[in-house]
Amino acid sequence: MLEFNLQHSYPGFDFQTGDVQLPGDGITAVFGPSGCGKTTLIKTLSGLEKAQGWVKLNNQAWQSDKLFLPVHQRRIGMVFQDAALLPHLSVQGNLDYALKRSGFERAQHRAQQDRWIELLNLGNLLNQSVLTLSGGQKQRVGIARALLSNPQILMLDEPMSALDWRTKNELIPLIKDVSKASKLPILLITHSPEEVERLADQVLLLNQGRVEQLESLQQTLSRPDSPLFDEQGAVSVLIGQPGKVSDGLQQIQLGDNTLWVKPLKRANQEPVRIRVLARDVSLALSDPKDLSIVNHMPVKIDELIEQPDHRLLVRLRLDNQQHLFAEITQQSAQRLNLQPGLVIYALIKSVALAE
Amino acid sequence: MLEFNLQHSYPGFDFQTGDVQLPGDGITAVFGPSGCGKTTLIKTLSGLEKAQGWVKLNNQAWQSDKLFLPVHQRRIGMVFQDAALLPHLSVQGNLDYALKRSGFERAQHRAQQDRWIELLNLGNLLNQSVLTLSGGQKQRVGIARALLSNPQILMLDEPMSALDWRTKNELIPLIKDVSKASKLPILLITHSPEEVERLADQVLLLNQGRVEQLESLQQTLSRPDSPLFDEQGAVSVLIGQPGKVSDGLQQIQLGDNTLWVKPLKRANQEPVRIRVLARDVSLALSDPKDLSIVNHMPVKIDELIEQPDHRLLVRLRLDNQQHLFAEITQQSAQRLNLQPGLVIYALIKSVALAE
Amino acid sequence: MEFMDFFAITPAELQALWLTFKLAFYTTVILVVFGAPLAWWLAFTESRWESLVSALIALPLVLPPTVLGFYLLIILGPYGWVGGTMEAMGLDHLAFSFTGILIGSVIFSLPFAIQPMREGFASMPRNPIHAAATLGAGPIDRFFTVILPLARGGFFTAIVISFAHTLGEFGVIAMMGGSIPGETKVVSIAIYDYTQGMDYAAAHRLSAILLILSFLILAVFYALNRRFMAPLKL
Amino acid sequence: MEFMDFFAITPAELQALWLTFKLAFYTTVILVVFGAPLAWWLAFTESRWESLVSALIALPLVLPPTVLGFYLLIILGPYGWVGGTMEAMGLDHLAFSFTGILIGSVIFSLPFAIQPMREGFASMPRNPIHAAATLGAGPIDRFFTVILPLARGGFFTAIVISFAHTLGEFGVIAMMGGSIPGETKVVSIAIYDYTQGMDYAAAHRLSAILLILSFLILAVFYALNRRFMAPLKL
Amino acid sequence: QKMIIAAASDLKFALDEIHAEYLKTYPNDQVEVIYGSSGRFSQQIENGAPFDLFFSASMEYPKDLQQKGFAATEPKLYALGRIVIWSRRHDASQMSLNDLMERRYRRVAIASPDHAPYGVRAMEALQAAGIWDEIQPKIVIGENIAHTAQLIEFGAANIGIIALALALNPQLSRHGGYSLIPEDMHQPLEQAYIVTQRAKDNPIAFRFAEFMEQPVAKQIMEQYGFVVN
Ligand SMILES: Nc1ncnc2c1ncn2[C@@H]1O[C@H](COP(=O)(O)OP(=O)(O)OP(=O)(O)O)[C@@H](O)[C@H]1O
Ligand SMILES: Nc1ncnc2c1ncn2[C@@H]1O[C@H](COP(=O)(O)OP(=O)(O)OP(=O)(O)O)[C@@H](O)[C@H]1O
Ligand code: MOO
Ligand SMILES: [Mg+2]
Ligand SMILES: [Mg+2]
């Protein structure tokens, strides 16, 4: 568990977190506009910037009135926004720097390293000076280095901003695994709502140096005004039980309903997270035929939420009580005469589902 | 028109463009995975890195066998991947540096500057040292500086990677305007297919130091295997004529068909670009009723293209001959018994349209 | 006035002080202006000769100043290579002249000026220089508006060390200067003469004056540097 | 052997050479080891006194070395503040001893060592140091594995200048060393004595030996530096 | 047994020879001679220098040291120095001091009248000749008498006043020529030595002092242009 209350100020910028408690594992997304204090948060938490206040990780005090544990004793795996590689060393040198101080046994070094080198595709770069790396290469080395340092907590400052989607797509599940496997709390700074929705367990919303909100991803997503929705509109995240695969579609059980999605990569029996964009959900009064849309689910209208630009957000309830957003035009709503309480069909194209 | 043929090599990396011709205005997206040579391309084009070969802009030679026009005489508005601000100056100092050498008349400076300061939300930062800026703030200053230098060509190296979506969303139309208004060719390096689809007129695909493809956005998008589609699947870009707005929906004329979309911000009479994700298009054998989906368009099936994971890409033809992709499951295709030549209905949620 | 009275400076001493600061000033200016290109070359050349040239430039330091002065006396005097050529051209040889001791001081402080400037150049970040070029700044413009500010730590070190070192220069000037008042009799010679003549009170007084003046000038240097370096520190 | 024959070095000269390099070596080591913390403080302090302390440290440069040597002679000699105290404690005073000229050389070259190291520290990028801390590197570890490599340009300059400057040191040693063979008679004194004795052949020979040896050492220094700095240049 | 002699630099050649002679007589004595400026040695002796015998180029320094208690013996006069006009380029053998005013002698070198005994005597002679003030603009000053001779030797100064001892040195006597400046134009250049206080129990110091009184030594001194009585 990471608990803190920090104050710091720069000329023209005032930073105050108030009391914050983050759970001992899982991923906390730190979300907010440019200049809101995201980097400041992890700098002060890590002790790189000396702030007022206190910080405790798993009940061990890092900072209090009397005490200030130096950065190097906090065992933080930090990925810096600008990579912050050691410029006098090669890629291998940077990784070794982390490994040597990781506490991993020497015999393990090779295995640890190979795992991330392969995933982050650094194999060809090991002997290259970090000064000559491309933007994305730098970022990948930064990520590998942080993971190799055997940290108690990870703090990632926009770790994927310079990465192409392919690397990103491979990295995201791995970060998740790391967090789960090692019970490692992770602070993830990102501008991308998609990254938040795919990765986060809770969301810490920062604005102008203040913690505006700390809530679970579910909670954030159930608020139609969530800042996460600013980019792509509302999103629902449904939790379901994976079932079998047939005809190239994976069955996901949501109470009595079945959702068909792209086969999951890692098909174990654990519940999975299904992210559905509200704009990908269409509504029909009756169960339509002759339609390419695979998923038709009976739902009940909970609420109609007016949105700017003549749009309407419809909060729907599945029979297992999970909620689902649909974004439609007000015109359509009038045409279909939608009202709260009405039972209708939600249509979700299977291909619109993403783990 | 920017023409070039450049060769350069770093240890372990070989860069060869072959003959390339880019049109004299419009936006060329440079797209490719991390380390493929995107930054190298603009460094060698600009003369920051001295490569073998030749470069001509608008028939003026920048580099040839005999000649090497120094960087400062090429009038390039460059946004560096790592911002490359002048560290000894304030934000204002950086902007002034560009303005002083821009060739703009002194009287214009203020107006030029105010425009970008407002858009990029730099007003509060003018007197701050650039060393203390946040990641996104640096990037915004870098963009403003390049635009203030009154360039003949813009070269932008992932200019929006550290920006939040709001700034991004405001910036994208402006970059487009700049390009159009001043007939300024723009090279835009990006990892984001969305940026490419929203901005680019043509796409230059780089891979392992080679130009793999240079084609118009339309061409790229008509290839189902376009690397642009790797992330979100296939995308169609339709060109239509904006019409009037009613009930909060904007009419877009596509030949005989009408598409209803979110009202456009800038409603002049010019044709607009409508980006439709293939996965946002559903197919129906008959025109369905009782459905929240607003846009139903009769289309003819051109081709069924099998995709991995039991998916199917359906190429559809509108009656004005533009094509539209729909991505559905193979199961659905079988259920609906889709065949080339069949006339069916394409359903597009209006809210899924983005300019 | 009271200050002057207290330190009871003689006109001859005043002249020596003035000459000293003039010499230090000119030496520093020459070293910075002409040394900078050389420092630049050394910082960026790929030439295999770089180490050798660098070592060569450091050599004036290795010779004792009195010995260096002795050799300069030979070279700049009428039988020497330089002085002889000058006499042949109808000019005066250079021993015993301000120009002569200026040349001596420049040679003597050369390594002090080159090495820090070179270091300053070598440790500049390159990116801002590239950025300035794309913004339309030509080489000269870039030099003054970007390179100099970025490498100014090196320049500052070069200036402070060259200046201070020339203020205290004794050996070279003693050997080739001839102690000519107003021309080559700098403060260091004057103080030395006092100590050797056992006029310790005068030696202390003149040393104190030199130290106080130098201290003030250096403190101002450092304060300015502090002020201007501040934005680069983070 | 042929080389030795050609340069026909006498045992006394060999002793003087050895002494000189020993002095330069110790001086440099002391300056780097003890100067680094001071340089660090100067580079990062927010104190208002920084400019004054900096100016103060530069002062040894301003006094002519002979005069500085004269004052050191007085202070370190048996009647001086330091030497007197030492005699009272039953120790030897420091004038005319190797320790004495070592102290003199250290003081004299202090500004040469401090200023470049300070500049090296000030111009380091901070980010890698922060990164090293998050990777678990404590202060000492960081100093040797990150700070030193990043600031090594400054250290290199400090080392080269202090070393070379001490090789050629004359004034201070002449005043307080007393030319005692094997103890304080360094090469600079020996060459000077030759010039004074008009034994020019010997002066040239010894100068040449000093220059060649120094040149070789410096060239190796620079070559090593070139080698190790290379990865930082881009 | 060891001893260090500090000697004025004008003694360089003479004392080297005497030293050699001495060692022939007392081969077991270790004697080290250091040459330099009398003023500096005197200061060093006051500050604990390990010198046993001090041959000054003047009488004042030894006297001063004795008064301050640094001498184990009375200052003992061992020679009178003579000064000469010498030039490398010109034949000075027929010249008098007044000739120094001639225009062709642009630079006239003398040793420092502030602290070099030879410089003081040169100044006195020029004053006696009545040209001291007039000649000022042409005067260049050597740090000590050997340096002064060098200034002339390398042509930096056209002419100057140096020690007879140096003018007789083969290095210089090859060129030009010298003329002796009359003894009555300046105070006698009395050169004295002392045994220092620290050497009061060092027999070699006294032995060497005594050797200086031997005819061998005196003859050598005379040979190098010193007046011995
Ligand atoms: N050392 C500093 N001195 C002065 N102001 C600073 C300093 N560091 C940060 N700031 C300011 O504090 C604010 C918060 O900065 P921070 O780096 O935490 O933003 P951020 O949320 O990480 O933004 P981004 O997404 O753009 O990286 C910004 O306005 C920034 O300019
Ligand atoms: N100065 C250099 N020396 C050696 N190799 C270099 C140098 N500069 C770039 N490279 C290598 O050249 C390749 C292309 O680099 P470039 O910066 O052009 O990539 P990029 O396409 O911009 O990637 P990214 O999206 O990660 O920024 C990379 O493998 C990089 O490591
Ligand atoms: O060491 Mo010196 O003697 O500069 O003059
Ligand atoms: Mg940040
Ligand atoms: Mg790049």
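This is a predicted model: local features need pLDDT of at least 70, side-chain atom pairs count only at pLDDT 80 or more; totals for chains, interfaces and linings use all residues.
## Which chains touch

Six pairs of chains are in contact, and among these pairs chains C and D share the most contacts. Some chains stay apart. Chain A does not touch chain E, and the nearest C-alpha atoms of these two chains are 51 Å apart. Chain B and chain E are likewise joined by no contact, with their closest C-alpha atoms 50 Å apart.

## The interface of chain A and chain D

Chain A gives 20 residues to its contact with chain D, and chain D gives 23 residues. Between them the two chains bury about 1,900 Å², and 67% of this area is on carbon and sulfur atoms. On the side of chain A, the residues that lose the most area to chain D are His72(A), His88(A) and Tyr97(A). Together these three account for 33% of what that side buries.

The rule finds one salt bridge between chain A and chain D. Its partners are the side chains of Arg101(A) and Asp141(D), with 2.6 Å from N to O. On chain A, β7 (76-79) and α2 (91-100) each supply at least two residues of the side that touches chain D. By class, that side of chain A holds 12 nonpolar, five polar and three charged residues.

## Ligand 3 between chains C and D

Ligand 3 lies between chains C and D. From chain C, the residues around ligand 3 are Pro65(C), Glu169(C), Phe170(C) and Gly171(C). From chain D they are Pro65(D), Glu169(D), Phe170(D) and Gly171(D). Sorted by class, this shell has four nonpolar, two polar and two charged residues.

Several distances describe how oxygen atoms of the ligand are placed. A polar backbone atom of Gly171(C) is 2.5 Å from an oxygen atom of ligand 3. In chain D, a polar backbone atom of Gly171(D) is 2.9 Å from an oxygen atom of ligand 3. A side chain takes part as well: an N or O atom in the side chain of Glu169(D) is 3.1 Å from an oxygen atom of the ligand.

## The two domains of chain A

The domain assignment divides chain A into domain 1 (2-222) and domain 2 (235-348). The centres of these domains, taken over C-alpha atoms, are separated by 34 Å. Their contact takes 13 residues from domain 1 of chain A and 10 residues from domain 2 of chain A.

The two domains of chain A bury about 960 Å² between them, with 43% of that area on carbon and sulfur atoms. The count of salt bridges between domain 1 and domain 2 of chain A is zero. On the side of domain 1 that touches domain 2, the elements giving two or more residues are α5 (165-181), α6 (193-199) and α7 (217-222) of chain A. The largest share of this side, five residues, comes from α6(A). By class, the side of domain 1 that touches domain 2 in chain A has five nonpolar, two polar and six charged residues.

Note on methods: Residues are numbered from 1 along each chain as its sequence is written. Chains are lettered from A and ligands numbered from 1 in the order in which they are written. Side-chain values use heavy atoms; hydrogens and water are left out. Contact means heavy atoms within 4.5 Å. Buried area is the accessible area (1.4 Å probe) that two parts lose on being put together, summed over both. A salt bridge is a side-chain nitrogen of Lys or Arg within 4 Å of a carboxyl oxygen of Asp or Glu. Helices (H or I, at least four residues) and strands (E, at least two) are DSSP runs, numbered from the N terminus. Ala, Val, Leu, Ile, Met, Phe, Trp, Tyr, Cys and Pro count as nonpolar, Asp, Glu, Lys and Arg as charged, and the others, Gly among them, as polar. A residue is near a molecule or strand if one of its heavy atoms lies within 4 Å of it. A polar contact is a pair of N or O atoms within 3.5 Å; within protein, one must be able to donate a hydrogen and the other to accept it, and residues adjacent in sequence count only if both atoms are side-chain atoms. Domain bounds come from an automatic or database domain assignment.
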